[in-house]
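Open the model in your viewer and keep the selection panel at hand. The tour moves from one selection to the next.

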Amino acid sequence: MGSTAKKSLLDLATQKMVESQLWRSIFRHGYPDTPLNQSLVMMGNVFLHLHPVKVSRQAMKITYTWCMGGISFFLFLLLTITGVFLMFYYIPDTNVAYQNINQLNSAVSFGHLVRNMHRWAAHLMVVSVTLHMIRVFYHGAYKPPREFNWVVGVLLFFVTLFLSFTGYLLPWDQIAIWAITVGTNLAPYTPLLGDPVYKVLVGGGAVAQATLIRFYVGHVILLPLAGALLMAVHFWRIRKDGGAAGPPPPSRREQETSEPAAVGSAR
Ligand code: HEM
């Protein structure tokens, strides 16, 4: 009897709270135990609305996507944060860039740690984006209705590779200068546009100060901006396409072969 009174008191308090103006100004839906309220919850919450209202149960399993897209996004955020830290110390000048990096490693608090976090996250992002692309291809998620997002993904793949390539030059050590010299020497072999492509990339006849500033601006502004914009479109499109593609429905042959067994087991 006592517990019923207590429960009803709790119920009353809950009802009062849920019906209060403050509550209703934040939550504009009832308890999510009906399909309508479930949809309203998804659409009325800034975080939940990033997901489609309905997703395939199979595609939610961690072993389905291995979270490679999510890990790529996490690494992008980590690279942005650590990159901003590095920007406080690094000067894109061929006379001081190498010294800057050495000082960052030896004289700046947490400098070595943050620089290595940036390097490792960059390598890992190339790996995770590649694995994500392979996973998506394996599940045939490049097919309609996801073909547009596959193209956005291919652009993201190139942005990731270019971010890695441009970042490689910035320490201005021997390995960076010669790696970029070899890399950019491929550009003149581009059919028709070879020479202009080389000049735009390098900013002259050889890898020098003009190349460093071009790669720096590309690395810290143009490519991250392009990446962020493409990711926004990518995520929006995943939602519109109904989340990650689930496994395909069984083929007619699979249905036919499973039918006699089902009849047999029913007997
Ligand atoms: C910076 C790079 C990228 C990020 C942050 C990213 C992020 C994501 C995330 C979070 C998902 C949700 C499912 C999952 O985690 O697997 C996803 C799905 C998808 N991604 Fe990416 N992605 C990137 C690059 C790519 C690339 C390179 C491709 C292909 C060329 C691609 C194509 C797709 C497609 C088609 C889907 C829908 C998958 C499905 O329906 O199963 N993405 N992406």
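Helix α8 gives the largest share of the shell around the ligand, 7 residues. Helices here are DSSP runs of H or I, at least four residues long, and strands are runs of E, at least two; both are numbered from the N terminus. This is a predicted model: local features need pLDDT of at least 70, side-chain atom pairs count only at pLDDT 80 or more, and totals for chains, interfaces and linings use all residues. Numbering starts from 1 along each chain as its sequence is written.

**The shell**

Select the residues around the ligand. There are 28, and the closest are T65, G69, A141, G153 and F157. A residue is near a molecule if its C-beta atom, placed from the backbone, lies within 6 Å of it. Now color α5, α7 (111-138), α8 and α11: each supplies at least two residues of the shell.

**Helix α11**

Next, select residues 209-240, which form α11.

Zoom in on G218. Here α11 bends by about 45 degrees. That bend is the angle between axes fitted to the seven residues ending there and the seven starting there.

Which residues of α11 are buried? Select T211, L212, F215, Y216, H219, V220, L223, G227 and I238. Buried means 20 or more other C-beta atoms within 10 Å of the residue's own; exposed means 12 or fewer, and partly exposed lies in between, with C-beta atoms placed from the backbone.

Step just past the end of α11 to G242, which takes a positive phi of about 85 degrees.

**The whole chain**

Zoom out. The protein chain has 12 helices and 0 strands. Its radius of gyration, taken over C-alpha atoms, is 27 Å, well over the 18 Å that the globule rule (2.2 Å times the number of residues to the power 0.38) gives for 267 residues, so the chain is more spread out than a compact globule. Along the principal axes, its C-alpha atoms fill a box of roughly 85 × 55 × 30 Å. Of the 267 residues, 18% count as buried.

**The annotated region**

Last, select residues 28-247. An unreviewed UniProt entry annotates them as "domain: Cytochrome b/b6 N-terminal region profile". This stretch is 67% helix and 0% strand, with its end C-alpha atoms 35 Å apart.

Key:
The expected span of a helix is 1.5 Å times one less than its number of residues. UniProt positions are given in the numbering used here, feature names are shortened, and annotations may be inferred rather than shown by experiment.
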